[in-house]
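Walk through this model one piece at a time.

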Amino acid sequence: MAHALRLAERGLYTTHPNPRVGCVIAHGEQVVGAGYHLRAGEPHAEVHALREAGDKARGATAYVTLEPCAHHGRTPPCADALVAAGVSRVVIAAEDPFPQVAGRGIGKLREAGITVDAGLMREAARELNIGFFSRIERGRPWVRVKLAMSLDGRTGLANGESKWITGEAARADVQRWRARSSAILTGSGTVLADNPQLTVRLPDGESFTPPWRVVLDHRLRTPLGHHVLDGAMPTLVLHNEQYTPHDARYQAVELAVVKEKGGAMDLHAVMDLLARRHISEVHVEAGPSLCGSLFAAGLVDELLLYVAPVLLGDSARPLLGLPSLTDMASRWKLRTIDRRVLDEDMRLLLRPVT
């Protein structure tokens, strides 16, 4: 199963909106077939593994990181393929919560007389597809906020200058987090201040499915000529219904209306809209106001925090715009999921304690 999970991870940048899945077919310790899902619309992991195994699949055990599908989508049901191949046992890491699959894949296999065991390395399999499980089970994407700060907790100078707090290794690392995401989200304030490209730049030869760029611009303030309107990547601009475009600025992007709440864009409605568009992982790169609002609304599942060994002073921009607290008992608690050093910088992966 560990081998199947490593295979599944090869689709980290390419499978969305589908989950990343790996499959290994073995007789005891002898592997006779292995494969992984690479891209939506293409064969699933089980199909690749069965093709490699051929007749050797009969009587073998298939280790699959996610419950085999049981419905006709863009590809035929993998549960049927396993039955037809004559495997005797299927070991599943995580059950699939997708309504057209949930339990049905396991049911088909058992009805055919195949032994099915589920739960081996379940947490690792769910972690690999954390956005997929979030979208299906909670009805909203997994939201990851990326921030870079100085040792004194500042994200940029008072005049807005923020390039570059961190070094090249940290900036290259960010590209991989962008690549694994279904969408990169920012606000109009960041677009106006920094004119970011929000593209994915990986080393030559590494493929990825371009994530959506999502811009929260409820008054449609983004000027003509800004990178997010250039059509270089699929782009969605969300705005309030009171504002409609009257020029050619938005010809290369898609527009969608989101209601307001309390004078600002309803962030829960934003996430609901993105989930309905099959966006599973949202990577946020924005200023302290939007990041703070997402955090205060309980919509931040993860902080991707890069810390540089520099000081910017107390007049520089803060990390998050959060409400003031009156007692320490009310503080927001985070737990560290991962920490590592990237040259001179440190990267922390943090999740709110709920």
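Glu254 counts as partly exposed because its relative accessibility is 33%; buried means under 20% relative accessible area, exposed over 50%, and partly exposed in between (1.4 Å probe, protein chains only). This is a predicted model: local features need pLDDT of at least 70, side-chain atom pairs count only at pLDDT 80 or more, and totals for chains, interfaces and linings use all residues. Residues are numbered from 1 along each chain as its sequence is written, and side-chain values use heavy atoms, with hydrogens and water left out.

Glu254 lies in strand β11 (residues 254–257). Helices (H or I, at least four residues) and strands (E, at least two) are DSSP runs, numbered from the N terminus. Leu236 is 18 residues from Glu254 in sequence, yet their C-alpha atoms are 4.8 Å apart. Beyond neighbours within four places in sequence, Glu254 is in contact (heavy atoms within 4.5 Å) with Trp212, Thr235, Leu236, Val237 and Arg277.

Now the helix pair. Helix α2 (residues 45–53) packs on helix α3 (residues 78–85) at about 20°, axes 9 Å apart. Axes are lines fitted to C-alpha atoms over the stretch in contact, and angles run from 0 to 180 degrees between N-to-C directions. α2 and α3 are therefore roughly parallel, the term for angles under 35 degrees. Glu46, Val47 and Leu50 of α2 meet Cys78, Ala81, Leu82 and Ala85 of α3.

Last comes α7. Helix α7 (residues 168–180) has 13 residues. Its buried residues include Ala170, Val174 and Trp177. Asp173 and Arg178 are also among them.

Definitions and conventions. Expected span 1.5 Å × (residues − 1). Parallel < 35°, antiparallel > 145°, perpendicular 65-115°, else oblique.
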